[in-house]
Every structure is written in structure tokens, then in C-alpha cells.
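Please examine the structure shown below with its sequence at hand. The paragraphs that follow lead through some of its strands and helices.

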Amino acid sequence: MTAPAVAVPAAQASASWRALGTRACVLVTEPAHLEDAQAIVAQLLGEIDVACSRFREDSELMGVNRAGGTWTPVGALFLDALDAALRAARLTDGDVDPTIGRALRLAGYDRDFELVRDAPPARVRVVTTPGWQAVERDVSGARVRVPPGVELDFGATAKALAADRAAARVAAALPGGVLVNLGGDIAVAGEAPPGGWRVRVTDDHAAGPEAPGQTVMTACGGLATSSTTTRRWASPAGELHHVFDPGTGRPAEVVWRTVSVAAATCVDANTASTAAIVRGGTAPAWLESSGLPARLVRRDGSVLRVAGWPEPR
Amino acid sequence: MAERPTTDPQSQPARAQARRDAGLKKISRLTGWALAGTLALTGVISEVAAQARPGHTKAQAKTQTKARHATSTPTPSASSSASSSSSGTGTAQSPSDNGSALQAPSQAPAPSSSSGGSVSGGS
């Protein structure tokens, strides 16, 4: 466990640690239950990692990617994660697409990000994304098949799904309220503290709570931030960022450097924030018509708020 | 002295016509085989291309085009989603899901006069 990068009010307690290649943090309104809450969250994150990691040879996802077009048996959690990813793809017209895995790998993002970031620039290849419609799922038989050469990546949804599930599990098992934060993907459940949970939205989840940005109060659902300023790595063609546009197989053109979205769930919030980065100029109107409160930061740092996202005080 | 073969003036054009007809039939047969071969080759090449670049369906192309020209319409495909089914085999066009649109929060975030808190940022 590491010291929390969170300013925790006296009535709350928090714990944070490394998981899923990022920082996991849990806050509870009943400090006596912190240890139990952390254990619940840690167990779920372990299950998600085994099911969905693109960087573990023994994960179910890697088994599906390696299967060469044959059916692969998978567990219930993997199917849930796949459903979340496919739903995100469908509801964004493919702007968030789980078949982006091969494009990410050939662009150099083929292992834990710390290793990618520290590696010398290597030759990259650009490939188009096959499209989420290529994925076949057999729920009754609990198996999945993707065509040969297609590689899944749940990066845009699995962490958010884990936050939603973890918060719900803690709230069901323990009294009080809980906030689960997985690398900036936040889900809350149970009874929120008076006024809600305080959340600082900024470019980088690893920045401290005083980093440039805005603090808001949230009492329900999920809040997620996608940014082109983080997870960047060098390539011979220049610096790349991890939010890929499935339509081009390349990093999305940067219209918004950072987008934060609030939604009923963290999965929906992260789906929308990722799609907004990809959509660029059309994102504000889409978010507005979807009723998703959002804060969009342009390249120059100027901010646009839509659909009821509050102005700073 | 050997007798020179005689030529029937009537049968010469008839033989020429027969030869021409036979030639035309041959050309016609060759054309047919060439056409069939071309069609078969086209099929084989298409199959090889489809195997080499899977997933490029008309639906996908249409979807991607739509996405590139996205306007304020939130999720055009959401209302036309396939029926939810908790079992059975299917492609990703008909996954079971828990909603036909991204869901807004029941309560929007509220402003805060103080800073700090749990951090949401890119990761």
C-alpha cells in the first residue's frame, strides 16, 4: 500500500496500491471498514486482470487473441467485459472498438506501459481495425471467437467495469459509502458523504489533488477522464498517445487534450470520454444531446463545459 | 499415268462451311471456359483477400463512414440494436446488453468551493 494522493476528509479513510498497470484507490465513509473494502476491491481487480489483461500470457483475452479463429472457452467475467466493450463500440458507432488490439500492439504498445515508455523508439506499423462486428460470442456455450489476426483490447472499458463492480461489491458487503478510483476511472456506491465525494479532474490521474483542473462533487454513478497527455511513447514517426482512432489505426487527432465525463456508470463515463477524444470537433454536440455532463480541455488549455457540467466556483 | 484426283465443285464450299462452323464452335467453347475460369479465379482471390483482411464488411464500412461524419445525433445505431438475448451464438451485431444508449447520471456533478479530492485524470 502507498500513501494516498488524496486529500481525505477526517470522516473518510482511503487506501491505494498498484493494480492493472495503474493506481487503485478506495475511499470509504466508514474508516473501520477500510481494510475489508480494500480486500474486496483487490480481489476483483485480480479477477479482472486474469480475464482481461493484454499483457499476461495466461489471461483469457490473450487466449482468445491467440486462438487463430477457433472458439475459445471463457468465463462469465470475460463475457461481461466483452459485452461492455461491444456495447461501447455499438453506442459510439465504433469510435471505441475492442478490436483495436493489433493496431496498438504494432504501434509499439505491446507490454506494460512503463516498459513501453522507457524503451527506445522502435519501428511501428499502422493497421486498420477489423471492427467489433467481427467478434462472435456464444453465451450459452461460454465461448468467444475472433477471426485470425484480430486482437482484442479492453483498455477503454475493463478498468471502468472493474471500478463499477468493485464499488457495487463493497457497498453490498459493507455499511456506508465507497469510492473506487482506478487510474482516474471513478465509481461510487452506497451512501455518499454529505454533499458528495470530492473529485479533482485534471490531465493526469497521477498528478496530485492540487494539479490544474477543477474540483467537483459527485454523489452517484461514475466519472472518467481520458487524456492524450498521458501514456505517450516515442516512435520514429514522432510521439504517439494511447487513444487510438479505430477508423485510422493511429492515435486520434488531438482536438481535446483531456475530456472528463459523468455518467450513470463508470463504463458509460469512460466510453463517452474516450469517444469524445476520437470524435474531436463533433464531441460537444454529441455529449450535449446524450445528456452527459462533460468538461473538455482544448490543446491550449481552454475549457468547454457541456450538458450541465458545473462552472468552477 | 496416274489419275489426277478430281474436285467436286459443290463439296468444296460445303467443307469450308463445315470447317468454319467447327472453328466457331471451338471459339465459343473456349470463350465459355475462359469466362468460367475468370469467375472461379475471382472467387478464389476474393476469398483469399477476405481471409487476409477479416472483418471488413459492408456494415463495418458503413459504420465507420458514419462515425467519421458524426453529427450531434448521439447513437444512431442504438435504437436499431438487436434484441437482447442471454443465450445463443451470434456475431457482435447482436450482443446482449444492458442499454440502448449511454446513461446520464441521475445527478450531475456539483461545483465545489474547495480543491483536492480523489483525482480523475488520464491514465
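Which residue is the bridge partner of Val199(A) in β9(A)? In this predicted model, the partner is Val216(A). The two strands concerned are β8 (residues 197–204) and β9 (residues 213–218) of chain A, which run antiparallel and are joined by six bridges.

These strands belong to an open sheet of four strands, whose order is β2(B)-β9(A)-β8(A)-β3(B) and whose pairing is mixed. At its edges stand β2 (110–111) and β3 (118–122) of chain B, each of which pairs on one side only.

A further open sheet, in chain A, has eight strands in the order β1-β2-β6-β7-β10-β15-β16-β17, and its pairing is antiparallel. Its edge strands, each pairing on one side only, are β1 (13–19) and β17 (303–306) of chain A. From one strand to the next, the twist averages 10°. Helix α8 (residues 283–290) of chain A packs on this sheet, where it touches β15 (256–263), β16 (294–298) and β17 of chain A. The direction of α8 makes about 25° with that of β17(A). Within the sheet, two bridges join β7 (residues 185–190) to the antiparallel strand β10 (residues 222–227), both of chain A. Here Ile186(A) stands opposite Leu223(A) in β10(A).

Another helix of chain A, α7 (residues 266–279), has 14 residues. From its first C-alpha to its last it reaches 19 Å, close to the 20 Å expected at 1.5 Å a residue. Because 14 of its 14 residues are buried, α7(A) is largely enclosed by the rest of the structure. Just after this helix, Gly280(A) takes a positive phi of about 65°.

Notes
Residues are numbered from 1 along each chain as its sequence is written. Chains are lettered from A and ligands numbered from 1 in the order in which they are written. This is a predicted model: local features need pLDDT of at least 70, side-chain atom pairs count only at pLDDT 80 or more; totals for chains, interfaces and linings use all residues. The expected span of a helix is 1.5 Å times one less than its number of residues. A residue is buried if 20 or more other C-beta atoms lie within 10 Å of its own, exposed if 12 or fewer, and partly exposed in between; C-beta atoms are placed from the backbone. Two strands pair if DSSP finds at least two bridges between them. Axes are lines fitted to C-alpha atoms, for helices over the stretch in contact, and angles run from 0 to 180 degrees between N-to-C directions. Two residues are in contact if their C-beta atoms, placed from the backbone, lie within 7 Å.
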